[in-house]
Amino acid sequence: MCKQINNIINTIQNTDCILGMKKIPDMSIDLIIADPPYNLSKGGHWKWDNSISLKGMGGNWNKVMENWDNMSFEDYWNFTEQWLSEAKRILKPTGSIWVCGTYHNMGIINILFQKLGIEIINEIIWYKRNAFPNLAGRRFTASHETLLWGHVGEKKREYYFDYVYTKNGFFAEDLMKKQDKQMRTVWDIPNNKDKEELLYGKHPTMKPQKLLRRIISATSKLGDICLTPFSGSGSECVAAKRLNRNYIGFETNTDYYNLSLKRITAMGEMQKNRLELAHAA
Ligand SMILES: C[S@@+](CC[C@H](N)C(=O)[O-])C[C@H]1O[C@@H](n2cnc3c(N)ncnc32)[C@H](O)[C@@H]1O
């Protein structure tokens, strides 16, 4: 199979990510952000009346119940090992990989990182202060997700980290981050989406731009190639484009894929308008 990358740079492909990544040459990607199925679409159905608004809670909540998010343990393990192996192969030794999850899948991701030789750099707790309350009152309210940050450069540890941005950058939304102090591994980022993020439609597990921009700014450089195996509504690609990185996305669901194309086109238009305004000024 002829492996090349130029014809898919700055595109989102409506295809399976394992097949898509197989066509990409070894060690050619700078940053991978993977928001895979968490395999949590199990159990009972959603009984909450969504017309009732809960002030400060983000609104219009739903339980994730999707076919793409419901596999047996063995299938999920094999699927994860396959896509992570491809991700490891295409990542540069100087690159970074981020994978999102919850307790449903994070144990598997962590063990497979270790099995495949992806060294964990940090485990981040994304604290969602506006998480939906636990309606049954039978357990604590789930209010965080976990992100693993890893690299494949072995002992050289050549991965990129913008320490100055993380320490001295401005993170207004994060009530835990103290200005000009080192950024810690608990990130307080509300899961609310800005109007522009929802302009073209919704995805049940859309990641907020503030989270993705932080990851991209901290662990990649201008012009780097950022690949997203599970691009959903295109959030990671949109954030990469906004920050002047190149992007590649894979998404199997045609509705989400179409939504992602609308969002990426709108981001392109916004950048063009800004450039024209800057030239006119
Ligand atoms: C957790 S969601 C990602 C959401 C994304 N971060 C966003 O903000 O829109 C996972 C996505 O992976 C897609 N998916 C599932 N299996 C896939 C596969 N083998 N290849 C590519 N996409 C897949 C699903 O359709 C779903 O949209």
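Isoleucine 125 is partly exposed, at a relative accessible area of 26% (buried means under 20% relative accessible area, exposed over 50%, and partly exposed in between, with a 1.4 Å probe and protein chains only). The structure is a predicted model, in which local features need pLDDT of at least 70 and side-chain atom pairs count only at pLDDT 80 or more, while totals for chains, interfaces and linings use all residues. Residues are numbered from 1 along each chain as its sequence is written, and side-chain values use heavy atoms, with hydrogens and water left out.

Isoleucine 125 belongs to strand β4, residues 119-127 (helices, H or I of at least four residues, and strands, E of at least two, are DSSP runs numbered from the N terminus). Not counting residues up to four places away in sequence, isoleucine 125 touches His144, Glu145, Thr146, Thr185, Val186 and Trp187 (contact means heavy atoms within 4.5 Å). Between isoleucine 125 and glutamate 158 there are 24 Å in space, C-alpha to C-alpha, and 33 residues in sequence.

The largest nonpolar core contains 32 residues, and those with the most contacts inside it are Ile29, Trp83, Leu84, Ile97 and Leu227. Such a core is a set of buried Ala, Val, Leu, Ile, Met, Phe, Trp, Tyr and Cys residues joined through side-chain atoms within 4.5 Å. Two or more residues of this core come from each of α1, β2, α2, β3 (91-101), α3 (106-116), β7 (225-228) and β8 (246-250). Leucine 227 is in contact with Met21, Ile24, Ile29, Leu31, Ile32, Ile33, Ile90, Ile248 and Phe250, leaving aside its neighbours within four places in sequence. Another core, of 28 residues, lies apart from the largest one and includes Ile33, Trp126, Phe171 and Val238.

The loop between α1 (17-22) and β2 (29-34) holds methionine 27, a residue that has a positive phi of about 45° although it is not a glycine. Serine 28 is placed in the loop between α1 and β2 and counts as buried, at 13% relative accessibility. A polar atom of the serine 28 side chain lies 2.8 Å from the backbone oxygen of proline 25. Beyond residues up to four places away in sequence, serine 28 touches Ile5, Ile90, Lys92 and Ile225. Asparagine 39, in the loop between β2 and α2 (73-90), has a positive phi near 60° and is not a glycine. Asparagine 39 is buried, with a relative accessible area of 10%.

Among the buried residues of α5 are Gln209, Leu211, Arg214 and Thr219.

The ligand is surrounded by 24 residues, of which the closest are Asp35, His203, Ser233, Ser235 and Glu251 (a residue is near a molecule if one of its heavy atoms lies within 4 Å of it). This shell divides into 10 nonpolar, 9 polar and 5 charged residues. Here Ala, Val, Leu, Ile, Met, Phe, Trp, Tyr, Cys and Pro count as nonpolar, Asp, Glu, Lys and Arg as charged, and the others, Gly among them, as polar. An N or O atom in the side chain of histidine 203 is 2.8 Å from an oxygen atom of the ligand. A polar backbone atom of lysine 207 is 2.9 Å from an oxygen atom of the ligand, and a polar side-chain atom of serine 235 lies 2.6 Å from an oxygen atom of the ligand. Of the 610 Å² of accessible area that the ligand has on its own, the protein covers 96% (Shrake-Rupley method, 1.4 Å probe).

Definitions and conventions. A polar contact is a pair of N or O atoms within 3.5 Å; within protein, one must be able to donate a hydrogen and the other to accept it, and residues adjacent in sequence count only if both atoms are side-chain atoms.
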